Amino acid sequence: MRFTRTRTARAAGAALFAIPLALGGLASQSHAQGASPSPSGTFGSGCSSIAQKANTAKDKVVEAAAAYPQLSQLVAATVRAKLTSTLDGKPDITIFAPNNKAFQKVTVSQLSSLLGNEGQLKKVLTYHVVDKKITPDQLSKGSFTTVEGSKLTTSGSGTNFKVNGKANIVCGNLQAANATIYVIDSVLQPPS
């Protein structure tokens, strides 16, 4: 237990320093192609670039996300917003998890403002979380209420899905002990 918290804290701390580097264009990630799509398993072209960790299904969601380097900025923002225990304490959630490339699409000033406002950061992050398990077959024409309180929609077919008509699910159906994770390529904004 102590090792798990330390590893999450180290990953989050490292990610906090990585945010300015990634935003400055000094860090880059590649989206490798060719993942084997499977509606009942992990799917999406971005899955082959995600370093799979065999036992993330046993980890609570924040620890599981910390195992994927492409989610380091999301983990850092979650820690900064003090949402770790909230998310880890929920029994069966779905997270539409923006990858590091998604955070690079946000301007430096917008991200700085967001990270400096804990209330707004919580609102944005909880808009990415649905308080129930969403399976791949529910994504084709989905409408879900988020933990933030607003609706988000999913659409698509096969292994090609979008969230709110703009964010692509680049790797879907990653499992954590208490969550299903769909990695997306944009940071979602709750309706005003």
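A cavity is a set of grid points where a 1.4 Å probe fits but cannot get out, and its lining residues have an atom within 4 Å of a point. In this predicted model, the largest cavity is lined by 16 residues.

**Cavities**

- The count comes to two cavities of 30 Å³ or more.
- The largest cavity holds about 130 Å³ of space.
- Of the residues in its lining, Ala 65, Leu 74, Thr 78, Leu 87 and Ile 95 lie nearest the centre.
- Elements that each supply at least two residues of this lining are α2, α3 and β1.
- Strand β1 gives the most to the lining of the largest cavity, with four residues.

**Nonpolar cores**

- The largest nonpolar core has 34 residues, and the members that touch the most others are Val 61, Leu 87, Ile 93, Ile 95, Leu 121, Leu 125 and Val 183.
- Helices that each supply at least two residues of this core include α2 (61–66), α3 (72–80), α5 (100–104), α6 (108–115) and α7 (118–126).
- Strands β1 (93–98), β6 (167–176) and β7 (179–184) also supply at least two residues each.
- Another core, of 15 residues, lies apart from the largest one, and among its members are Ile 134, Phe 161, Ile 169 and Leu 188.
- Which residues is Leu 87 in contact with, leaving aside its neighbours within four places in sequence? They are Val 61, Val 62, Thr 78, Ile 93, Ile 95, Val 129 and Asn 178.

**Helix α7**

- The buried residues of α7 are Leu 121, Val 124, Leu 125 and Thr 126.
- Among the elements that cover these buried residues are α3, α6 and β2 (129–130).
- An α-helix has 3.6 residues a turn, so residues three or four places apart point the same way.

**Aromatic rings**

- The structure holds three aromatic pairs.
- Phe 43 and Phe 161 form an edge-to-face pair, with 5.7 Å from centre to centre and 65° between the planes.
- Phe 43 lies in the loop between α1 (2–23) and α2, while Phe 161 lies in strand β5 (residues 160–163), so this pair ties together parts that are 118 residues apart in sequence.
- Why does Phe 43 count as buried? Its relative accessible area is 1%, and buried means under 20%.
- Phe 161 is also buried, because its relative accessible area is 6%.
- The rings of Phe 43 and Tyr 182 have centres 6.3 Å apart and planes at 50°, so this pair is tilted.
- Tyr 182 is buried, as is Phe 43.
- Ring pairs link Phe 43, Phe 96, Phe 161 and Tyr 182 into a cluster.

**Asn 173**

- Asn 173 is placed in strand β6.
- Is Asn 173 buried or exposed? Asn 173 counts as buried because its relative accessibility is 10%.
- A polar atom of the Asn 173 side chain lies 3.2 Å from the backbone oxygen of Gly 41.
- The side chains of Asn 173 and Gln 175 are joined by a polar contact of 2.9 Å.

Conventions: Residues numbered from 1 in each chain as written. Predicted model: local features only at pLDDT ≥ 70, side-chain atom pairs only at ≥ 80, totals over all residues. Heavy atoms only, no water. Core = buried A, V, L, I, M, F, W, Y, C linked by side-chain atoms within 4.5 Å. Buried < 20%, exposed > 50% of the residue type's maximum accessible area, 1.4 Å probe, protein only. Contact = heavy atoms within 4.5 Å. Polar contact = N/O pair within 3.5 Å; in protein donor to acceptor, adjacent residues only side chain to side chain. Phe/Tyr/Trp six-rings, centres within 6.5 Å; stacked < 30°, edge-to-face > 60°. 1 Å grid on protein atoms, 1.4 Å probe; cavity = no way out; pocket = protein on both sides within 12 Å on 5 of 7 lines; lining within 4 Å. Points joined across faces, edges and corners; volume = space filled by probe spheres on them.
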